[in-house]
Amino acid sequence: MEEHKIIPEKLLKPYDPVETEPRIYAKWEESGLFNPEKAIEAGYTKPDAKPFTIILPPPNVTGVLHMGHAMMLAIEDIMIRYHRMKGDRTLWIPGTDHAAIATQSKVEKEISKKEGKSRHDLGREELLKRVNQFAQESHDTIISQVKAMGASCDWSREAFTLDEVRTKAVRTMFKKMYDDGLIYRGTRVVNWDPKGQTTIADDEIVYEERKAKLYTFKYGKDFPISISTTRPETKVGDVAVAVHPTDERYTEFVGKEYDMEFCGVPIHIKIIADESVEKEFGTGALGVTPAHSMIDADIARRHKLPSVQVINEYAKMTVGDERILGKKTTEAREVIVEWLRNEGLLESEAEVNQNISTAERTSGIIEPLPKLQWFIDVNKEFVLPYSLIDGIKSGDKTTLKEIMRRTVSAGQVKIIPEYFDKTYFHWIDGLQDWCISRQIWYGHRIPVWYKGEEIFVGTEAPTEEGWSQDEDTLDTWFSSGLWTFSTLGWPEKTKDLEIYHPTQVLETGYDILFFWIARMVLMTGYGLGTVPFEKVYLHGLVRDAKGQKMSKSLGNAMDPVDIASKYGADAGRMALLLGTAPGTDSKISEDKIKGQKHFANKLWNITRFILSNTSDMPHDAVLTEEDQALYEAWRTELRDITADIDGFKLHLASERLYQYIWTVLADKILEESKPLLLSEDMLVKSSRQKLLIELLRETLIALHPFMPFVTEAIWEALKNDTLLMVTPWPLSTP
């Protein structure tokens with residue numbers, strides 16, 4: 001038991017998080033103990049301690065953090081602080097993501113609004129100068145916000161997806177995959193944003209429910225089958241009608257071919273049988289438009305059908321006579337529907353709700369188009385030169401898709417909560433080749449150079465003259481897919497990579513399970529022959545008190561830094577965690593946060609009461625049998641809290657701590673202690689004093705990962721020689 005000191009003056013005043021939190025964070029930073037090597041030098045961590053590593057999911061340099069980021073930071077910081085206190089070699093690497101499309105789009109909008117200019121008016125060099133300036137300013141804001149939330153990251157290792165080290169990693173990986181035949185340039189149907197004039201990833205699509213018309217019609221009077229579509233304008237590019245092989249309504253027509261003129265455009269339609277067709281949906285017959293649908297393109301490949309492009313990059317028609325040629329798709333649709341009516345081919349039209357694909361950054365309606373782009377082949381076999389993936393030995397042939405599947409099915413990567421496994425595998429099963437090129441200027445420029453018919457792929461530009469680099473940039477997910485090992489120095493064989501990889505946990509939102517997590521599994525399995533992380537902890541969306549998604553348009557968005565300046569970051573962190581299991585959405589309100597501010601004040605007051613009543617505790621105080629039982633009851637609770645943290649049940653651990661401190665320690669034990677502390681029986685009095693001091697000490701340690709600022713401030717006020725953040729956890733854990 002530590003010797004008690006006189007109560008500090010600051011504890012006589014109410015707790016002030018606004019004054020305390022920045023000062024405490026500066027003290028942590030000054031100590032250098034966020035760096036595991038410094039912790040080893042200082043003797044707080046053993047040199048042979050097992051590593052515990054988290055790489056921070058990098059926030060986009062497009063603005064400020066939101067409550068989802070606050071949830072992420074709180075959860076990761078709890079894990080990091082807990083493992084640091086356990087004595088593990090604990091590393092949390094921070095960083096930011098250049099978020100190519102999002103960042104360039106934001107800057108372009110500002111330039112257009114203020115100067116009335118486009119990126120083409122400025123030129124590539126000037127635009128990139130403006131984007132880099134914006135990204136740096138945004139970065140500085142984000143880093144200050146991360147610190148305000150109490151995140152105990154090792155800032156000496158901070159990374160940026162577009163910095164020099166990460167650029168080398170990106171180029172090295174691109175060349176390696178190209179040399180292995182896994183990256184190719186080809187024409188495939190992609191998500192095209194006519195407004196932004198670039199391909200976009202699936203995750204950059206926002207689905208908006210809108211009213212649409214479903215038209216049922218025949219191509220011509222002599223055509224035997226009716227089809228249904230909401231986009232009649234694309235039917236001038238149809239090459240087939242697909243039906244299910246077992247659909248008896250259409251069996252007699254399979255294999256037949258028809259030539260017709262559809263609104264002035266000659267079309268050749270073949271009736272084919274394909275098992276992908278749902279015979280219960282609509283008429284059970286699908287008009288196949290290979291150039292303007294990814295699904296139809298797959299059908300066309302299976303049946304060796306031609307692809308006819310009828311819409312261009314500006315969403316305008318490229319075929320037909322004066323009625324539709326050059327018109328926007330929406331205008332051409334009206335013309336074709338009117339033609340169907342006049343020809344007596346339109347059988348019905350019904351209003352339906354439809355999910356329209358729009359670009360997240362520009363709001364442009366996505367147009368599936370065949371484009372010459374760079375792709376990663378996820379189904380091509382290659383020889384894996386490593387033997388670190390379960391079930392795939394060195395020298396075995398495998399595919400990128402198999403690597404993604406095998407690592408999770410074999411348990412090398414465990415997803416928490418595990419019911420997301422099913423969602424993960426479903427996505428892997430339907431995975432298509434990954435389009436990695438983007439028609440924007442900000443980002444990692446594709447490391448490919450051309451000279452006539454020659455092509456050069458390398459980590460550096462060719463030294464001879466006459467070569468020109470590919471104009472496109474890489475999908476942001478390509479660089480962030482390398483994040484767990486590029487942040488540790490890959491492709492160099494660094495000591496960090498040797499010690500800290502694979503990482504122990506990736507914590508992120510469930511909404512990017514496919515777009516980021518699966519791609520990190522792909523890149524790490526291919527590039528290093530191992531997994532990027534052992535566990536994936538998925539948190540849900542943070543919603544308002546009514547369960548609505550937070551957004552500026554609804555006026556219900558909360559700024560975590562505003563919350564911290566009003567109630568303290570500790571209060572915001574605890575409010576986000578309480579009652580929120582992994583993978584589930586949570587509700588947050590100012591009342592809930594205010595309640596946790598009261599909890600921080602309660603802890604402050606508990607400390608003041610205990611110190612006020614234990615100044616005369618003798619050094620040789622021993623616990624009575626009754627007090628020993630109370631202490632053992634706390635230790636049982638602490639064991640459950642420890643088990644909850646180890647089991648990633650942080651919501652249960654935080655609830656146990658809250659209930660014990662408020663209900664048991666404050667309401668029960670302190671109230672029962674008041675007469676005992678006035679007792680003339682020195683054995684009873686000193687025993688209770690010793691119990692209170694020990695309970696205060698250990699609850700502060702246990703609560704520290706959850707509410708680091710107020711606990712460190714109290715620990716400091718107790719005049720402890722060691723920072724609370726490196727004080728050993730009260731229980732030894734396996």
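**Exercise 1. How many aromatic pairs does the count come to?** Then describe the pair of Tyr219 and Phe223.

*Solution.* Start with the ground rules. This is a predicted model, in which local features need pLDDT of at least 70, side-chain atom pairs count only at pLDDT 80 or more, and totals for chains, interfaces and linings use all residues. Residues are numbered from 1 along each chain as its sequence is written, and side-chain values use heavy atoms, with hydrogens and water left out.

Step 1. Apply the ring rule. Rings of Phe, Tyr and Trp (its six-membered ring) pair if their centres lie within 6.5 Å; planes under 30 degrees apart are stacked, over 60 edge-to-face, and the rest tilted. The count comes to 27 aromatic pairs.

Step 2. Take Tyr219 and Phe223. Their centres are 5.1 Å apart and their planes stand at 90°, an edge-to-face pair.

Step 3. Check burial (buried: under 20% relative accessible area; exposed: over 50%; partly exposed: in between; 1.4 Å probe, protein chains only). Tyr219 counts as buried because its relative accessibility is 0%. Phe223, at 1%, is buried too.

Step 4. Follow the ring pairs. They link Phe217, Tyr219, Phe223, Tyr258, Phe262 and Trp339 into a cluster.

**Exercise 2. Over which ring does the charged end of Arg81 sit?**

*Solution.* The charged end of Arg81 sits over Trp28, 4.1 Å from the ring centre. Another case is Arg188, over the face of Phe375 at 5.8 Å from the ring centre.

**Exercise 3. What is the strand order in the open sheet of four strands?**

*Solution.* Step 1. Strands (E, at least two residues) and helices (H or I, at least four) are DSSP runs, numbered from the N terminus. Two strands pair if DSSP finds at least two bridges between them.

Step 1. Read the order: β10-β11-β9-β12, with mixed pairing. The edge strands, β10 (257–262) and β12 (285–288), each pair on one side only.

Step 2. Look at one pairing. β9 (residues 240–243) runs antiparallel to β12, over four bridges. Here Ala240 stands opposite Val288 in β12.

**Exercise 4. Which residues of helix α11 (residues 420–429) are buried?**

*Solution.* Step 1. List them: Phe420, Tyr424, Phe425, Trp427 and Ile428.

Step 1. Look down the axis. The buried residues of α11 fall within an arc of 160° (taken from the directions from the helix axis to the C-beta atoms), so they line one face of the helix.

Step 2. Turn to the other side of α11. There Lys422, His426 and Asp429 are exposed.

Key
Lys NZ or Arg CZ within 6 Å of the ring centre and 35° of its normal.
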